[in-house]
Amino acid sequence: MADPVNVNEILSGASTAHVFEPFRDGIEICRLLEGEPAVAMLRYSPGATVPRHTHTGLETVLVLEGAQRDDHGVYGPGTLILNQAGSDHAVASDDGCIVLIQ
């Protein structure tokens, strides 16, 4: 079993074990668990986008702060998004957001 992670410490910058680093234009990543499945937090800057992509397995996304949108809607804090294998979408955040993704 992996060690517990304190998300509040990561978001406040108090964690030295888990930090955000560049991932793609306008998006930073904090890797929480490597391997399969990988678990991370993504921090979107306002206006950041992820191009259309197809999922090879289940993608689970929990919106922690702000809002994320895709082809199917806009998702605010507390929303759990389950993207099934074979599904595709493009993702954006108009005002910025933080999500937990697996």
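A: A residue is called buried under 20% relative accessible area, exposed over 50%, and partly exposed in between, using a 1.4 Å probe and protein chains only. The model is predicted, so local features need pLDDT of at least 70 and side-chain atom pairs count only at pLDDT 80 or more, while totals for chains, interfaces and linings use all residues. Numbering starts from 1 along each chain as its sequence is written, and side-chain values use heavy atoms, with hydrogens and water left out.

Side chains of opposite charge can pair when their charged atoms come close. The test for a salt bridge is a side-chain nitrogen of Lys or Arg within 4 Å of a carboxyl oxygen of Asp or Glu. Searching the whole structure gives 5 of them.

Start with Glu28 and Arg43. Their side chains form a salt bridge, at 2.8 Å from N to O. Glu28 sits in strand E2 and Arg43 in strand E3, so this pair links distant parts of the chain, 15 residues apart. Strands (E, at least two residues), like helices (H or I, at least four), are DSSP runs numbered from the N terminus. Arg43 counts as partly exposed because its relative accessibility is 28%. Glu28 is partly exposed too, at 30%.

Arg43 has another partner. It lies over the face of Phe20, at 3.9 Å from the ring centre. A charge sits over a ring if NZ of Lys or CZ of Arg is within 6 Å of the ring centre and within 35 degrees of the ring normal.

Gly26 also meets Arg43. Beyond its neighbours within four places in sequence, Gly26 is in contact with Arg43, Tyr44, Ser45 and Ala48; contact means heavy atoms within 4.5 Å. Gly26 belongs to the loop between strand E1 (21-24) and E2. At 27% relative accessibility, Gly26 is partly exposed.

Arg31 bridges to Glu21, with the closest N and O atoms 3.6 Å apart. Arg31 is in strand E2 and Glu21 in strand E1, so the bridge ties together parts 10 residues apart in sequence. Arg31 is partly exposed at 39% relative accessibility, and Glu21 is partly exposed at 35%.

Pro37 is placed between strand E2 (27-33) and strand E3 (39-44). The peptide bond from Glu36 to Pro37 is cis, with omega near 0°.

Now Arg52 and Asp88. Their side chains meet in a salt bridge at 3.4 Å, N to O. Arg52 is in strand E4 (residues 48-54) and Asp88 in strand E9 (residues 88-93), so distant parts of the chain, 36 residues apart, are linked. Arg52 is partly exposed, with a relative accessible area of 48%. Asp88 is partly exposed as well, at 34%. Asp71 joins in: Arg52, Asp71 and Asp88 are linked in a network of salt bridges.
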